[in-house]
Each structure stands twice: as C-alpha cells, then as structure tokens.
Amino acid sequence: MWGGRFADGPSSVMREINASIPFDKKLWRQDIRASLAHVAMLAAQKIIEAEDATQIIRGLNQIAQEFEANGITENLDLEDIHMHVEARLTEILGPVAGRLHTARSRNDQVATDFKLWVRDALDMVDAALEELQKALLDRAEEHADTVMPGFTHLQSAQPVSLGHHLMAYFEMIRRDRSRFADARTRMNESPLGAAALAGTGFTIDRGNTAQMLGFDGPTRNSLDSVSDRDFALDYLMAATQCSLHLSRLAEEFVIWASQPFGFISLPDSYSTGSSIMPQKRNPDAAELVRGHSGRIAGAMQALVMTMKGLPLAYSKDMQDDKPPVFEAHDLLGLSIAAMTGMIAEVEFRPARMRELAESGFSTATDFADWLVREAKLPFREAHHVTGTVVALAEKQNCGLSELTLEQFQQIDARISEQVFDVLTVDASVASRSSYGGTAPIQVKAQITSARKVLGLEN
Ligand code: ARG
C-alpha cells in the first residue's frame, strides 16, 4: 500500500519516526561539551580510570574536529546525536568508549544539551536586540524634532515626534531583553546527573559538572530535571512576544511605505520590484517579518501542545521539542536582522509627515486645553466649544489655525489672540513635556538615559 518507499516493512517506518538526528544534529557541540564535562567528573570521582578518561577526551575532541570539518553523516538507525557521537567514539576507541555513558542516560543528556543550546540562543538574541536598539536610538535622535501624526484607531489623533514613536519600540525591545534575561537566569541549572529519571548510585559530583558547563548549580529533583522543558517554552514565549513587537513595527513600515501615507521610502536592499508593474517597490522584508511572527507563535503553540498532557518523567513526545525551537530561533534571528537593517537604512519623509500632521484638526486637544488653562472653562465645556470650532473649520475646508479671531470669538467670546500660539503642530508637540511625553526635550532626555543604560557614549 505504501509503494516502494517502505518496501522493507514497518521497521523502516519505525526507523524514520524514531529518528531525531535530522534535526538534533544541531546539538553536536553541546553534546560533546557536556560529555567532556561528564567524563572529567567521572575521572575526578574515580568512577572511571584516569587513562580511560584521557582516551575518551581525546576521542571526543577528534569527533568535534571531524564534525566541524565534514558535517555529520546521518544514520537513522543511530536515532539521535547522542548515539552518533557514541558510535563514532566506539569506532575510534573500541570498548573503552562505553565507559562514557556511566552514571548518565540520554534523558539527562538531551535535557542538558538542549538547555546549553537554548542558553546560547538566548545570548545571540540578546546581542541582536541590542543592535536593533542602537539603530532605533540613532534614528530617534536624528528625528527627535520631526513631527508626524500620532494615531489612535489609525485616525490622526495628536501630533507626535517621530523620535518618540521610534523610542516606543526601543521600550518594547527593552522589555523583550529583560524577558530573555529572566529566562536565562531561571533555566541556568544543570540536569546532568539526573540520569534516566531517578538519579544514580554512582558517587557523581553534579555540582562539578554544573560548574564546568557554566550552570549556577545542579537541578534539585531528578524527575523534574529530565521532564522539564520550561526553558524551551520560556524561550519560545519570549520569542513570540518579541516577534509581536517586530511584527507591529513591520506593519507600520508597510503602512508608511504605502503611497497614500508616503512617510518612508524603503531602501532598495529591503524591497523588491514587481515583474509586471515597473513602478512597484514592495515592502517584502517587512511583510515577511510580520508573517514570521505567525510562525514563531505557532512554534510556541506546538511545544505547548506537545507538553500539556505528559506524565513524569521523560516521554518520547519530548523529542518533538527541538524543531519548533530551532525554527523559531532562525525566524527570529532573521526578523531582528531585517528590522535592524530597515531601521538603519530607511529614508524618512519629514515633509510628508508634517503635511499629514497638520491635517485632521490634530491640534484640537491643544485648543481645548488652552480654553481650560487660559479662558478657565471646565474641560467638558471646552470640549464642546472645540467641537463647534472643528465643525466650522470642516465646513470652511480649512485648518484650525486658518480660522480668524472673529470666527473664534463668535463661537466663544472668551477666546483671545493668544490661542494661535497653540494651534501649530510644533507648539502642540513641544507642549507635551510631561515625563515620557512627546516633547522633543523629553524625547532627547529619554534617548540620553537609554544610551546610558546600554553603556553607550552620548
Ligand atoms: N532522541 C531523544 C530525544 O531527543 C533522546 C532521549 C531518548 N531517551 C529515551 N529514553 N529514548 O528526546
């Protein structure tokens, strides 16, 4: 029924469904590193002979060189990366290779390897996010005084500083980095030595292997150690949250690059043309960042579903933990790099931003606030008067600052000449100088303190 592919019967299906080597070969460096620590500990504890340990260490280093130079030849019969390393070690050393697996199991081995891998992944993401923050800071500083429309409901609301808008993303990335840092702190305990599930009767020193592998210490419960994949989920959840931020920024780029907005011109390096419409410059990279966030959230959901019904301790379902993490990590790395490049290279169009900021009666709130402050109206009444003024301007097809003083005074006699001072977008933006507000003076202060946080010169 399955044709030629499975001609040799169910065992070939088993071979294929059982194997994780096609994806877990990515863990080879971590696998060898953990084995080197384990064998050194076994020798130090006199669980194996020093000469045997020396041979095993030499063999493992040779395998690392081979894998580095030639990659890994997959053999589905050997199931996973742990068996590939052990099989090669046996080819090189003969039976002494078998001493390496004393007092451990693939269950604590895979938990250790994968944790080491995720820990490295966290460090890479953190470094990439710092680069994105630097790019945001540079562009925010350049455009602290650039006025653009601020939106709610994607309707023009109040004018804001473009630098302020960019710094909003800086804050999101700041929280993302703190989530990844939390995950790293929480996961940094070594499962090695939990063995299959119950610990071991050998006099191992788990504190020693933990230290050699850069962990803060050993995990405290062997059952939990081999069945815990929280660290992978923490990574995926932080990655999902981060990718949502990147997706929102990407979406802004898509909107801003559209002709009706015209707020930015995307660099050629991050756009594509159309095969049929010569005028097109499509924001493909931004759209893919937006798209990738769906796949990253999907990867997170996949591992949540894998883990949700598993009893203690290890179950083979857990072998499926790696593909979603590897996929999410690749997609996240690309997304961060693409957004960093686009932020650094995008050409902003301040004139167009100003033009739109000035339309849509964007200083109506400033007008209402002026009535409260200077003409002493209660805010509710000021809101009503402002509504009448906006209706008039709309009827006259002009901006608020283009109405005459007489027209203002016909609506409310308490309005004076000074009102014109608050009706420009620059005055509006400059006035919002409350802590965290959009006034350029505030934005620049936030940029300065952000640079300090990152340890950068100003
Ligand atoms: N390939 C397995 C995995 O990735 C390694 C652990 C196997 N343990 C076992 N008891 N079969 O999860």
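Select threonine 438, in the loop between α17 and α18. Helix and strand names follow DSSP runs, numbered from the N terminus: helices are H or I runs of at least four residues, strands are E runs of at least two. This is a predicted model, in which local features need pLDDT of at least 70 and side-chain atom pairs count only at pLDDT 80 or more, while totals for chains, interfaces and linings use all residues. Residues are numbered from 1 along each chain as its sequence is written, and side-chain values use heavy atoms, with hydrogens and water left out.

**Stop 1: the loop**

Is threonine 438 buried or exposed? Threonine 438 counts as buried, because its relative accessibility is 5%. Buried means under 20% relative accessible area, exposed means over 50%, and partly exposed lies in between (1.4 Å probe, protein chains only). Now show the side chain of threonine 438. It reaches the backbone nitrogen of serine 161 at 2.9 Å. This is a polar contact: a pair of N or O atoms within 3.5 Å; within protein, one must be able to donate a hydrogen and the other to accept it, and residues adjacent in sequence count only if both atoms are side-chain atoms.

Move to serine 433, in the loop between α17 (425-431) and α18 (440-453). Serine 433 is partly exposed, at 40% relative accessible area. Serine 433 and isoleucine 32 are 401 residues apart in sequence, and their C-alpha atoms are 56 Å apart.

**Stop 2**

Select isoleucine 343 in helix α12. Isoleucine 343 is buried, with a relative accessible area of 0%.

Next, colour the aromatic rings. The structure holds 11 aromatic pairs. Rings of Phe, Tyr and Trp (its six-membered ring) pair if their centres lie within 6.5 Å; planes under 30 degrees apart count as stacked, over 60 as edge-to-face and the rest as tilted. Pick phenylalanine 114 and phenylalanine 326. They form an edge-to-face pair, 6.2 Å centre to centre with 85° between the planes. Phenylalanine 114 sits in helix α6 (residues 106-142) and phenylalanine 326 in helix α12 (residues 322-345), so the pair ties together parts that are 212 residues apart in sequence. Phenylalanine 114 is buried at 0% relative accessibility, and phenylalanine 326 is buried at 4%.

Then select phenylalanine 180 and tyrosine 235. Their ring centres are 5.9 Å apart and their planes lie at 45°, so this pair is tilted. Phenylalanine 180 is in helix α7 (residues 162-187) and tyrosine 235 in helix α10 (residues 230-257), 55 residues apart. Both phenylalanine 180 and tyrosine 235 are buried.

For a cluster, select Phe151, Phe253, Trp256, Phe261 and Phe263, which are linked by ring pairs.

Lysine 26 lies over the ring face, 5.5 Å from the ring centre. Arginine 119 lies over the face of phenylalanine 215, at 4.9 Å from the ring centre. A charge sits over a ring if NZ of Lys or CZ of Arg is within 6 Å of the ring centre and within 35 degrees of the ring normal.

**Stop 3: the ligand**

Which residues surround the ligand? They are Ser20, Glu79, Asp80, His82, Arg106, Asn107, Val110, Tyr314, Gln319 and Lys322. Each has a heavy atom within 4 Å of the ligand. Helix α6 gives the most to this shell, with three residues.

Now look for polar atoms. An N or O atom in the side chain of serine 20 is 3.2 Å from a ligand nitrogen. Glutamine 319 has a polar side-chain atom 2.8 Å from a nitrogen of the ligand. Lysine 322 has one 2.8 Å from a ligand oxygen. Taken alone, the ligand exposes 340 Å², and the protein buries 86% of that (Shrake-Rupley method, 1.4 Å probe).

**Stop 4: backbone angles**

Most residues other than glycine have a negative phi, and most peptide bonds are trans. Select leucine 312 and alanine 313: the peptide bond between them is cis, with omega near 0°. Alanine 313 is in the loop between α11 (284-307) and α12.

Finish at phenylalanine 361, which has a positive phi of about 50° although it is not a glycine. Phenylalanine 361 is in the loop between α13 (350-358) and α14 (364-373).
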